[in-house]
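Student: I have a structure to go through with you. Could we begin with one of the helices?
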Amino acid sequence: MSRVYNFSAGPAVLPESVLQEAADEMLDYRGTGMSVMEMSHRSKAYQQIIDEAEADLRTLMGIPDNYKVLFMQGGASQQFAMIPMNLMKNKVADYIITGQWAKKAYQEAKMYGQANAVASSADKTFSYIPDCSDLPISENADYVYICENNTIYGTKFWKLPNTKGKDLVSDVSSCFLSEPVDVTKYGMIYGGVQKNIGPAGVVIAIIREDLITEDVLPGTPTMLRYKTHADNGSMYNTPPAYGIYICGKVFKWLLRNGGLAEMKAYNEKKAAILYDYLDSSRLFHGTVVKKDRSLMNVPFVTGDADQDAKFVKAATEAGFVNLKGHRTVGGMRASIYNAMPIEGVKALVGFMEKYEKTI
């Protein structure tokens with residue numbers, strides 16, 4: 001069977017060359033006589049894998065020396081609790097609610113202190129990013145929290161909020177490594193890798209060193225302290241070893257392809273093909289305010305639930321899979337992450353044009 005065009009929001013499409021490399025090394029990683037899946041995380045071979053992965057990520061993102069890179073488990077959702085446990089020194093934090101994941105993080109933070117929703121786009125089904133130029137930031141807030149790219153709703157912060165001097169914490173799960181980033185604008189950036197970087201099971205956190213302290217909320221478990229992971233080079237316990245190995249291969253793939261500036265240009269080209277079609281179509285239309293559109297996740301609808309279902313079925317049969325939208329939005333959603341080739345987007349638009357003519 002030939003490979004399909006996989007528009008899944010995550011776990012999602014990975015570069016074919018990376019999958020092929022991993023396949024070639026599956027039984028014998030570089031003369032070790034074993035798979036990375038079987039390898040001790042305390043071995044020299046594995047230490048080299050994780051060290052290279054961190055070095056390549058630092059190169060890609062231009063991560064300053066005063067930021068730690070942590071490879072952890074638990075996905076982005078575990079960070080919803082870890083962040084307040086570790087960073088809520090004053091037990092106050094401000095949250096900007098632009099979708100389901102920001103909302104979940106906010107609700108979790110309320111268990112540990114005073115979490116304030118200082119802005120929200122819930123009034124229009126999260127179809128836009130609120131104006132964050134002059135927010136009522138709390139005087140004693142420990143941090144301001146955003147979900148930078150909203151996977152379900154297809155919105156993106158193209159301008160970071162004015163945090164009025166407070167540290168910005170950003171969940172970048174679905175836009176991780178899709179564009180250049182100035183790490184110094186954040187106290188912490190983190191994301192689950194299963195959308196744009198690797199297989200599910202790894203979360204990467206990039207945290208300014210002064211935020212990693214022993215001063216955590218009482219009762220914070222050892223495994224949920226950033227200091228535990230930072231002091232042990234992400235190997236306090238057995239890390240998600242194979243997942244990190246694949247992430248490392250994706251980092252090298254990105255470096256070979258010109259880094260994050262080239263990737264952003266490529267992603268803009270891909271997204272323009274789909275958005276331009278949606279803007280001219282009489283059958284399909286996008287659901288997001290134009291200026292806030294994501295390059296990664298593109299939700300669209302026909303306006304008729306039955307027609308949406310028919311289209312998803314026809315598309316699946318034609319080899320365009322995982323296009324069904326999230327239940328809270330309905331319709332369709334095409335996730336066009338880094339590894340989705342431009343040919344896939346062109347082929348989808350070609351299919352949509354043909355389909356539209358039949359209606």
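Student: Which residues of α2 are buried?
Tutor: In α2, the buried residues are Tyr-46, Ile-49, Ile-50, Ala-53, Asp-56, Leu-57, Arg-58, Leu-60 and Met-61. Buried means under 20% relative accessible area, exposed over 50% and partly exposed in between, with a 1.4 Å probe and protein chains only. Helices (H or I, at least four residues) and strands (E, at least two) are DSSP runs numbered from the N terminus.

Student: What sort of model is this, and how are residues numbered?
Tutor: This is a predicted model, in which local features need pLDDT of at least 70, side-chain atom pairs count only at pLDDT 80 or more, and totals for chains, interfaces and linings use all residues. Residues are numbered from 1 along each chain as its sequence is written, and side-chain values use heavy atoms, with hydrogens and water left out.

Student: What covers the buried residues of α2?
Tutor: The cover includes the strands β2 (67-72), β9 (188-192) and β10 (203-208), together with the helices α6 (241-256) and α7 (259-280).

Student: And what follows α2?
Tutor: Gly-62 comes next, with a positive phi near 60 degrees.

Student: Turning to the sheet, what is the strand order?
Tutor: The order is β2-β10-β9-β8-β5-β3-β4 in an open sheet of seven strands with mixed pairing. At the edges are β2 and β4 (114-120), each pairing on one side only; two strands pair if DSSP finds at least two bridges between them.

Student: How many bridges join β8 to β9?
Tutor: Three bridges join β8 (residues 167-171) to β9, and the two run parallel. Asp-171 stands opposite Tyr-190 in β9.

Definitions and conventions: Contact means heavy atoms within 4.5 Å.
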